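Here is a short briefing to read alongside the sequence and the structure. Have both open, and let us walk through some features together.

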Amino acid sequence: MNFIYPKEIVKNYEIISKLGKGVYGEIFSVKNNDTNSLDVFKVLRNDKKFEHSQINEINILKKITESYKKTNDSKIEFVSLFIDDFFFKNHHIIVQKKYSQNLYQEYNKRKFLPEIIKKIIFDILRGLQFLKFNKIIHGDIKPENILFFDDTSYRV
């Protein structure tokens with residue numbers, strides 16, 4: 001999928017770098033030129049066999065982001081927030097808030113004392129509780145899909 005390149009402007013976003021690749025597409029770090037925020041592009045593969053799953057993912061992301069905005073605890077994010085979606089060069093792009101590294105990447109870099117492990121597990125359980133409240137079952141829970149909120153805290 002080599003059609004998005006660093007420094008390129010797509011809509012109002014400047015592509016910073018490629019972060020990774022998955023089954024459904026590629027992930028890029030981007031800067032919103034209107035807000036100066038750092039976000040993420042998930043560039044979905046242009047493949048008919050994934051179309052239903054991709055639409056389902058977008059609908060779920062929209063639903064949980066709307067539900068999150070209605071909570072009284074909106075300063076705590078236990079799910080990746082949806083920002084936008086659009087098409088570019090025949091590929092569907094999902095824009096989401098950018099978070100830090102994932103639990104798999106950080107496991108050997110950070111010190112995970114027992115009280116930190118408890119906090120991480122508590123955050124994961126609150127995220128699962130939020131999904132349950134919204135009648136959503138996460139089908140791919142793994143360390144690579146658990147993101148730290150930032151580089152300094154242990155919030156996930």
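Ile-117, Ile-121, Leu-125, Leu-128 and Ile-141 make a nonpolar surface patch of about 430 Å². Please keep in mind that this is a predicted model. Below are some more points on the patch, followed by the strands, the aromatic rings and a few backbone angles.

**More on the patch**

- One of the patch members, Leu-128, has its place in helix H3, which covers residues 114–133.
- Leu-128 counts as partly exposed because its relative accessibility is 35%, which falls between the 20% limit for buried and the 50% limit for exposed.

**Strand S6 and its partners**

- Strand S6 spans residues 91–97, and six of its seven residues are buried, so the rest of the structure largely encloses this strand.
- S4 and S6 run antiparallel and are joined by five bridges.
- Across from Lys-42 you will find Ile-94 of S6.
- Strand S5 (residues 82–88) also runs antiparallel to S6, with six bridges joining the two.
- Phe-82 has Gln-96 in S6 as its bridge partner.
- S5 and S6 form a hairpin with two residues between the strands, and here Lys-89 takes a positive phi near 50°.

**Aromatic pairs**

- How many aromatic pairs does a search of the whole structure find? The search finds seven.
- Tyr-13 and Phe-41 have ring centres 5.2 Å apart and planes at 65°, so this pair is edge-to-face; the cut-off for that class is over 60 degrees.
- Tyr-13 belongs to strand S2 (residues 13–21) and Phe-41 to strand S4, so their pairing ties together parts that lie 28 residues apart in sequence.
- Tyr-13 is buried, with a relative accessible area of 3%, and Phe-41 is buried too, at 0%.
- For Tyr-99 and Phe-149, the ring centres are 6.0 Å apart and the planes stand at 55°, so this pair is tilted.
- The pair of Tyr-99 and Phe-149 links distant parts of the chain, 50 residues apart: Tyr-99 is in the loop between S6 and helix H2 (103–106), while Phe-149 is in the segment after H3.
- Is Tyr-99 buried or exposed? Tyr-99 is buried, with a relative accessible area of 12%.
- Phe-149, by contrast, is partly exposed, with a relative accessible area of 22%.

**Other aromatic contacts**

- The charged end of Arg-155 sits over the ring of Phe-149, at 3.9 Å from the ring centre.
- One aromatic cluster is formed by Tyr-107, Phe-112, Phe-148 and Tyr-154.

**Positive phi at two further residues**

- Lys-7, a residue other than glycine, has a positive phi near 75°.
- Where is Lys-7 found? Lys-7 is in the segment before strand S1 (9–10), and this residue is exposed, with a relative accessible area of 68%.
- Asn-36 likewise is not a glycine and has a positive phi, near 65°.
- The loop between strand S3 (25–32) and strand S4 (38–44) holds Asn-36.
- Asn-36 is exposed, with a relative accessible area of 54%.

Terms used: Residues numbered from 1 in each chain as written. Predicted model: local features only at pLDDT ≥ 70, side-chain atom pairs only at ≥ 80, totals over all residues. Heavy atoms only, no water. Helix = DSSP H or I, 4+ residues; strand = E, 2+ residues; numbered from the N terminus. Buried < 20%, exposed > 50% of the residue type's maximum accessible area, 1.4 Å probe, protein only. Patch = residues over 30% accessible without salt bridge, like charges linked within 9 Å, V, L, I, M, F, W, Y side chains within 5 Å. Areas by Shrake-Rupley, 256 points an atom, 1.4 Å probe, with all protein chains shown as cover. Salt bridge = Lys/Arg side-chain N within 4 Å of Asp/Glu carboxyl O. Pairing = 2+ DSSP bridges. Phe/Tyr/Trp six-rings, centres within 6.5 Å; stacked < 30°, edge-to-face > 60°. Lys NZ or Arg CZ within 6 Å of the ring centre and 35° of its normal.
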